[in-house]
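Hello! Here are a few notes to read alongside the structure. Take them one at a time, and look for each feature as you go.

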Amino acid sequence: MVKPQYQNFRECYDGHFENGKFIKGEKLYELYKYCLCEECRYRQAQYRTPANGITITTPDISKVDEIAERLKSWNCADGSKQLETVYERV
Ligand SMILES: [Zn+2]
């Protein structure tokens, strides 16, 4: 198994409910980032609204480093307002 250089991921499981029971699916690796743009930081400090964020999941642990690198440069499109969290699966 590949050990990612970046350890800031969370393990979770895909899945669905069947008759009220959770049926565990594929294991996923999840990475999250809060936007650090000036407007997001201002909104956070001034109005205590959360910074915009992105969540990327992948079933492939060898992609964790690549995702972590991508997240480093990720910024929200418009920090002047609170946006829905972006979800991506790769
Ligand atoms: Zn932002």
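Predicted model: local features only at pLDDT ≥ 70, side-chain atom pairs only at ≥ 80, totals over all residues.

1. How many bridges join β3 to β4, and do these strands run parallel or antiparallel? There are four bridges between β3 and β4, and the two strands run parallel.

2. Now step back to the whole sheet. It is open and has four strands, in the order β1-β2-β3-β4, with mixed pairing. β1 (10–18) and β4 (86–89) each have a single partner strand, so they stand at the edges and one side of each is left without a neighbour in the sheet. From one strand to the next, the twist averages 35 degrees.

3. Next, look at β1 and β2 (residues 21–34). These strands run antiparallel and are joined by eight bridges. Within this pairing, Glu18 stands opposite Lys21 in β2. Helix α2 (residues 64–72) packs on the sheet, where it touches β2 and β3 (53–58). The direction of α2 makes about 40 degrees with that of β2.

4. The handedness deserves a careful look. Together, β3, α2 and β4 make a β-α-β unit, and this unit is left-handed.

5. Finally, find Gln46 in helix α1 (residues 38–47). Is Gln46 buried or exposed? Gln46 has 8 C-beta neighbours inside 10 Å, and a residue with 12 or fewer is exposed, so Gln46 counts as exposed.

How values were computed: Residues numbered from 1 in each chain as written. Pairing = 2+ DSSP bridges. Axes fitted to C-alpha atoms, helices over the stretch in contact; angles between N-to-C directions. Contact = placed C-beta atoms within 7 Å. Buried ≥ 20, exposed ≤ 12 C-beta atoms within 10 Å, placed from the backbone. Right-handed = clockwise from strand over helix to strand, strands pointing away.
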